[in-house]
Amino acid sequence: MKKVLVFKTSVYLEKEINKLRPVLNALTVNADIWNFDLEDCDNILRIETRNLEANSVCNTLNAQGFYCEELH
């Protein structure tokens, strides 16, 4: 069963998404889907996943120099 993880991020430019694309693609496997909503004031990252945990996503974005916080 898929779940949706939602994160507030500091990603606000398309070029930053392009930098993160290979990292997020490697993190999200098995038909997981991710996207950013840069129109939202929190620069939302949504991930539909079966197995991925929120702290893995936050740690990955933090390692790339971005703020990331799961929203509940």
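## A look around helix α2 and its neighbours

Helix α2 (residues 54–63) has A54, V57, C58, T60 and L61 as its buried residues. Seen down the axis of α2, these buried residues fall within an arc of 165 degrees, so they line one face of the helix. (The arc is taken over the directions from the helix axis to the C-beta atoms; helices are DSSP runs of H or I with at least four residues, strands are runs of E with at least two, and both are numbered from the N terminus.) Buried means under 20% relative accessible area, exposed means over 50%, and partly exposed is in between, using a 1.4 Å probe and protein chains only.

Before going on, note that this is a predicted model, where local features need pLDDT of at least 70, side-chain atom pairs count only at pLDDT 80 or more, and totals for chains, interfaces and linings use all residues. Residues are numbered from 1 along each chain as its sequence is written, and side-chain values use heavy atoms, with hydrogens and water left out.

What do the buried residues of α2 pack against? They pack against β1 (3–9), α1 (14–27), β3 and β4 (68–71), with contact meaning heavy atoms within 4.5 Å. The face of α2 turned away from its buried side carries the exposed residues N59 and A63. Just after α2 comes G65, with a positive phi of about 95 degrees.

Now for the cysteines. The structure holds zero disulfides, a disulfide being a pair of cysteine sulfur atoms within 2.5 Å. C58 is in no disulfide, and its nearest cysteine sulfur, that of C68, is 3.4 Å away.

Next, the loop between β2 (33–37) and β3 (44–49), where N43 sits. The side chain of N43 reaches the backbone oxygen of V11 at 3.3 Å.

| Residue | Relative accessibility | Class |
|---|---|---|
| N43 | 13% | buried |
| C58 | 11% | buried |
| C68 | 7% | buried |
| E39 | 76% | exposed |

Definitions and conventions. Polar contact = N/O pair within 3.5 Å; in protein donor to acceptor, adjacent residues only side chain to side chain.
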